[in-house]
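Dear colleague,

Please find below the sequence and the structure that I am handing over to you. My notes on what was found follow directly after them.

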Amino acid sequence: MIDSEAESLSNLAMAVEDRLPQVSAMLLGEITRAVLHKADRIPPDVITMHARASFLDEASGREYSYELVYPKDADIAEYRISVLTLVGAGLIGLREGQSILWPDRDGRERKLSILKVQQPAKAE
């Protein structure tokens with residue numbers, strides 16, 4: 001995880017602890033387990049904020065591709081998912097080829113497998 005993102009994500013998770021306790025706890029858990037790196041040292045196949053992640057929901061067999069964003073930028077119609085959703089909190093820090101068992105909104109565990117990660121274009 002990018003070191004500068006970890007602090008802002010921790011603050012965000014703590015700010016929604018009363019309103020979204022499950023998402024807050026899961027995001028804080030992911031941050032706690034993460035290995036922190038400077039932005040220029042993150043491998044390109046790691047999901048960071050603003051990266052586009054293509055993943056497979058093993059239960060349904062459906063493939064999804066979303067950009068992971070902060071809540072204010074989330075828009076499902078534009079394929080941008082908030083890090084403050086169950087799926088978004090689970091994706092942060094995963095790499096291509098990794099899978100995670102993660103609860104859906106109904107409390108069932110789903111296996112999500114990361115197929116591809118695209119980092120945002122760098123500003124020149």
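**Findings in the predicted model**

At 31% relative accessibility, His 50 counts as partly exposed, because that value falls between the 20% and 50% limits. Please bear in mind throughout that this is a predicted model. His 50 belongs to the loop between α2 and β1. Its backbone deserves a remark: although His 50 is not a glycine, its phi is positive, at about 75 degrees. As background, most residues other than glycine have a negative phi.

The loop between α2 (21-33) and β1 also holds Thr 48. Thr 48 is buried, with a relative accessible area of 2%. Beyond its neighbours within four places in sequence, Thr 48 is in contact with Ile 2, Glu 5, Ile 42, Leu 68, Ile 92 and Gln 119.

**Helix α2**

Helix α2 comprises 13 residues. From its first C-alpha to its last it reaches 18 Å, which is close to the 18 Å expected at 1.5 Å a residue. Its buried residues are Val 23, Ser 24, Met 26, Leu 27, Gly 29, Glu 30 and Ile 31. In general, an α-helix has 3.6 residues a turn, so residues three or four places apart point the same way. As for their partners, the buried residues of α2 pack against α1 (3-15), α3 and β4.

**Aromatic pairs**

A search of the whole structure gives four aromatic pairs. In one of them, the ring centres of Phe 55 and Tyr 64 are 5.5 Å apart and the planes stand at 25 degrees, so this pair is stacked. Phe 55 is itself buried, with a relative accessible area of 3%.

Another pair is formed by Tyr 66 and Tyr 79, whose ring centres are 6.1 Å apart with the planes at 40 degrees; this pair is therefore tilted. Because Tyr 66 lies in strand β2 and Tyr 79 in the loop between β2 and β3, the pair ties together parts that are 13 residues apart in sequence.

Taken together, ring pairs link Phe 55, Tyr 64, Tyr 66 and Tyr 79 into a cluster.

**The largest pocket**

The space in the largest pocket amounts to about 520 Å³. Its lining consists of 21 residues, and those nearest the centre are Tyr 64, Ile 81, Val 87, Asp 104 and Arg 105.

Which elements give two or more residues to the lining of the largest pocket? They are β1 (52-57), β2 (62-69), β3 (80-82), α3 (86-91), β4 (99-103) and β5 (109-118). By residue type, the lining divides into eleven nonpolar, two polar and eight charged residues.

With kind regards

Definitions and conventions:
Residues are numbered from 1 along each chain as its sequence is written. This is a predicted model: local features need pLDDT of at least 70, side-chain atom pairs count only at pLDDT 80 or more; totals for chains, interfaces and linings use all residues. Side-chain values use heavy atoms; hydrogens and water are left out. On a 1 Å grid over the protein atoms alone, a cavity is a set of points where a 1.4 Å probe fits but cannot get out, and a pocket is an open set with protein on both sides within 12 Å along at least five of seven lines; lining residues have an atom within 4 Å of a point. Grid points are joined across faces, edges and corners, and a volume is the space filled by probe spheres set on the points. Helices (H or I, at least four residues) and strands (E, at least two) are DSSP runs, numbered from the N terminus. Ala, Val, Leu, Ile, Met, Phe, Trp, Tyr, Cys and Pro count as nonpolar, Asp, Glu, Lys and Arg as charged, and the others, Gly among them, as polar. Rings of Phe, Tyr and Trp (its six-membered ring) pair if their centres lie within 6.5 Å; planes under 30 degrees apart count as stacked, over 60 as edge-to-face and the rest as tilted. Buried means under 20% relative accessible area, exposed over 50%, partly exposed in between (1.4 Å probe, protein chains only). Contact means heavy atoms within 4.5 Å. The expected span of a helix is 1.5 Å times one less than its number of residues.
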